[in-house]
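Subject: Structure for your review

Dear colleague,

Please find below the sequence and structure that I am handing over to you. My findings follow directly after it.

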Amino acid sequence: MTLETTINDQLFTMHSSGALFWNEKNTLLIADVHLGKVTHFRKNGFAIPNDALHKNFEKLIDVVDFFKASTILFLGDLFHSTKNSEWDLFIEWSKQCTCELVLIAGNHDIIDAKNYESNGIEVVDYIRMDDFLLTHHPTEVEGMFNFSGHIHPGIVLRGLGRGHLKLPCFFQRKNQMILPAFGAFTGLGIMKLQEGDVIFAVTNEEVVQIKMSEK
Amino acid sequence: MTQKVLIDIGKSFFQRQNWNPFPFQLETWKAFLQGKNGLLHAPTGSGKTFALWIPIVLNYIRKNKNYKEKAPPGLKAIWITPLRALSIEIKQAAEKMILDLELPLTVGIRTGDTSASERAKQKTKMPDLLITTPESLQLLLATKGYEKIFKNCEAIVIDEWHELLGTKRGVQMELALSRLKTIVPKLQVWGISATIGNLAQAQEVLFGVNQNPAETVLVSANINKKIRVESILPEKMETYPYRGHMGLHLLDQVAEIIRGSKTTLVFTNVRSACELWFQNLLEKYPEFAGEMAMHHGSISRETRHWVENAIRNEELKVVVCTSSLDLGVDFAPVESIVQVGSPKGVARFLQRAGRSGHQPGKESRVYFLATYAMELIEASALRKAVKLGLVEDRVPYLNSYDVLIQYLNTLAVSDGFYPDEIYKEVKSTFCFQHITREDWQWILNFLVYGSQSLQAYDEFKKVELDEDGLMIIRSRRTAMHHRMQIGTIVGDASMSVKFLSGGYIGSIEESFASRLQPGDTFIFGGKRLQLFAIKNMQVLVQKAPAGSKSKVVSWSGGRMSFSAQMSELLRQEIHLANQPEELSVELKALEVIFKRQRKESIIPNADEFLIETFKTREGYHAVFYPFEGRFVHEAMASVLAYRMSLLSPITFSLAFNDYGFELLSDQEFSIEVLLDNNLLSTSYIHADLQQSLNATEMARRKFRDIAVIAGLVFTGMPGKAVKTKHLQSGTQLLFEVFKDYEPDNLLLQQAYSETFEHQLEEGRLLLALERIAKQKIVVKECLKPTPFSFPIITDRLREKLSSETLAERIKKMTASYLK
């Protein structure tokens, strides 16, 4: 269900939900939940199954429970679009959640920050902690390790017999790691790989490091 | 006016053109004037247009005493054509007749090509005779007060009905007819169909289940056209490629044919081949420049119109084209047809062959160009099929809920509808004759609640339910979205290609555009273009500098499969290869390859079923040869692989073509085990098909179209990509969401049933397995890929099937990077 990795002497646990747990800080990093997306579609006449939206909250509850984290840092695109009825469900969840909640605003986060702040959720553009930089868009800064989202990284695996498989992944390159999208109704951006990239694929049950080969 | 007087008016028109009406034309006039509905069975270029335009006009004359003075306002007849390119021709025919008979009738065209201002004009004053497409007819049903438009319509003709029959456009047509027949109870309905295997069924589908068959007629033109089929053969067969290329190695022979005919049409199966042939012909034979053109669906319509006119005016020596020129339009100057690659079906081949020698009594000449050696067998089989008149069935769709949902939304955006009234109409169609009350209620719930019940906090909004039971869409935005998405032909999202300086060239699929980098050169519309930028769903290009290397635009065209009839013929041809005294030219030419095949394996006889095994760098291959067409092979391959995988954990990659299929694995597997366990048996076949992962994969692909047709996906507004970005999602993602959260959704179910009926052709699979059970199985362990296997194993479009866990599979796989 999880896989650990050490970055700059800190211990991080990757979870098969797509969340990343920073052990020393007792903090969960979660990217691209896209809450409200199902409802946004439904409001516009696209009948996406209603049950899919509850899955996001179930996943959030499960993963908080699993790590017993004290803080959740959302790496952007927490909400897909403008406020809708899922906002109420989110506020309901946030009140029951014992964690401190912080949102690093992403491009989809167009809901006014005041709405978050009045519910005790901090909204920031980025976070610097020690030599780590947390952002929504992947960002390179000299001397910092960057955690980000936005891309919804995915990977295509190939094997003998010409099999292939498409999976979401934690994508690590030099001084950055991009988290997979946490939301249940989100797509994948297939990554173009370079030598030295480190890939941790996410299945429903596991996080698996992927073998790399030259094309 | 008596019928005889009327018919004499028709005859007099013919006399003034120096024509004589054919018996089938007279028969159609009479039946129509007697008020009958019917299906006219007549090929393109036989005079079918006048078989129906004439009685429509005669009927007008009969009903209007002062028929030469001002005609009463309103639409009088509708002519449906599946291809808008044909509309001009049909209009010209109608106008010729109206002019000659000095009638005050107007003829109008309403298709996707009709300008907005013209459409608006038509709305206030409809032409007397309207030529339109199934989609544009639906759009008329989506306008407010549409009943008024059709109120005085007397007749509707559905041209090229065979083209619509086996498609969802046919379903769309059935639904529209069911509505029109209520608005105008006396509406006369006529279809026109070319030869297909199931003409009687075509008639049944056209008229629906409430029509008394005695009131409908089938008129047959009985025109036997002479068709000469010839294969283009190279000097030396040794150099023939084993696997499908573009057939360009026969360029010189084709140039010879072009030189020898007034006009030649070179048909390719896909647009990329069309581009390539055009480019190569031009490069090697610059003398054709100015007399050659290209025609395919992505080229701008101005260019296409220009090409069509230029053919008629004998200005062109050669046109390289795709199915976009399959239908209609009479091109008298065309003398020769070249078919590049397998046409996959007799009907399509006949249709294309019929594009030449259009004048009555003239012979149609068609040259078959096999792109790889084995394809030559098809030429031999096709010639037989043409001779025997063996043409495929067009299997009509049943229970296409996606089309029904789109149609109901269409009615909801116009005037709204009352479900009970519409239910009766829908139930009267062939497609929905078995729809249950429960399914109907499911669909209504889906439209109104977006699910099966009203839920708290839910904000779903599409169709509103009024207190008196009227279902209507009131949101202007939703209505606009729906109108933009009416249609059942789903392609990849396309982007328009424009010069930086402004000129529009055509459209290419987004998937191709996304692979291009600025500065890349590609060939499109016969031009070498360099990408400047992609902006707002537009591909901005400039002329490429001379000498730059270019990519050819690729399109993901549908893959077709051999029909049962064609497969049978193909098997006969293969078996003939073992009887040297009966060889056709093609089989003789193939002798070099047959020799190699015999050396490395065998050529199976009628009572033998061949399986070859060999090992390559890619893994362990087993190739099976049922010769049943690729759809049946796809099904058979996945069932076999599934059954094998039950015995021990293994992952297979599957490939198939019209001759056979391949199981490929990284593990060694035994054919003996397969035979000992009787894995080719027909028992539990449906369950096994369903279980094979492949069915899910295929259903996923079917779901793509279904989701678009049913309006679950917003395909976006041209040039307004940004505004609607929050409403875009991939259909793959949708499929997963439905599979996980709403598995009993009718649209998801439909994806599976379409997979089994239309894709996997379960019925044919059963018959094939029964046939194989009677054959002797011959297993050949080969040292390397055989000539028969080569085209199959090199196919890049593959399916996979696995019984290993995901983690096990991942462990064996790698992600690759570019150095």
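The notes below cover the interface, a sheet and the nonpolar cores.

Please bear in mind that this is a predicted model.

Interface between the chains

The contact between the two chains involves 44 residues of chain A and 44 residues of chain B. On the chain A side, at least two residues each come from helix H1 (37-43), helix H2 (51-67), strand S11 (153-158), strand S15 (198-202) and strand S17 (211-214). H1(A) provides the largest share of that side, with five residues. By residue type, the side of chain A that touches chain B comprises 17 nonpolar, 16 polar and eleven charged residues.

Strand pairing also links the chains: S17(A) pairs in the parallel sense with strand S28 (residues 814-817) of chain B, over four bridges. Within S28(B), B:Thr814 stands opposite A:Lys211.

A sheet in chain B

Chain B contains an open sheet of six strands with parallel pairing, in the order S8-S13-S12-S9-S11-S10. Strand S8 (227-231) and strand S10 (292-295) of chain B are at the edges and have a single partner strand each, so one side of each has no neighbour in the sheet. From one strand to the next, the twist averages 20°.

The partner of S10(B) is strand S11 (residues 318-321) of chain B, which runs parallel to S10(B) and is joined to it by four bridges. B:Ala293 has B:Val319 in S11(B) as its bridge partner.

Two helices of chain B that pack on this sheet deserve mention. Helix H13 (residues 301-312) touches strand S9 (263-267), S10, S11 and strand S12 (334-340) of chain B, and its direction makes about 130° with that of S10(B). Helix H14 (residues 346-353) touches S8, S9, S12 and strand S13 (364-369) of chain B, with its direction at about 150° to that of S12(B).

Nonpolar cores

The largest nonpolar core has 230 residues, of which B:Ile156, B:Val266, B:Trp277, B:Val320 and B:Val346 touch the most other members. Helix H24 (residues 630-647) of chain B gives the most to this core, namely ten residues. Leaving aside residues up to four places away in sequence, B:Trp277 touches B:Met246, B:Val266, B:Thr268, B:Val320 and B:Val340. Another core, of 55 residues, lies apart from the largest one and includes A:Leu75, A:Met177, A:Phe182 and A:Leu193.

With kind regards

How values were computed. Residues numbered from 1 in each chain as written. Chains lettered and ligands numbered in written order. Predicted model: local features only at pLDDT ≥ 70, side-chain atom pairs only at ≥ 80, totals over all residues. Contact = placed C-beta atoms within 7 Å. Nonpolar A, V, L, I, M, F, W, Y, C, P; charged D, E, K, R; others polar. Pairing = 2+ DSSP bridges. Axes fitted to C-alpha atoms, helices over the stretch in contact; angles between N-to-C directions. Core = buried A, V, L, I, M, F, W, Y, C linked by C-beta atoms within 7 Å. Buried ≥ 20, exposed ≤ 12 C-beta atoms within 10 Å, placed from the backbone.
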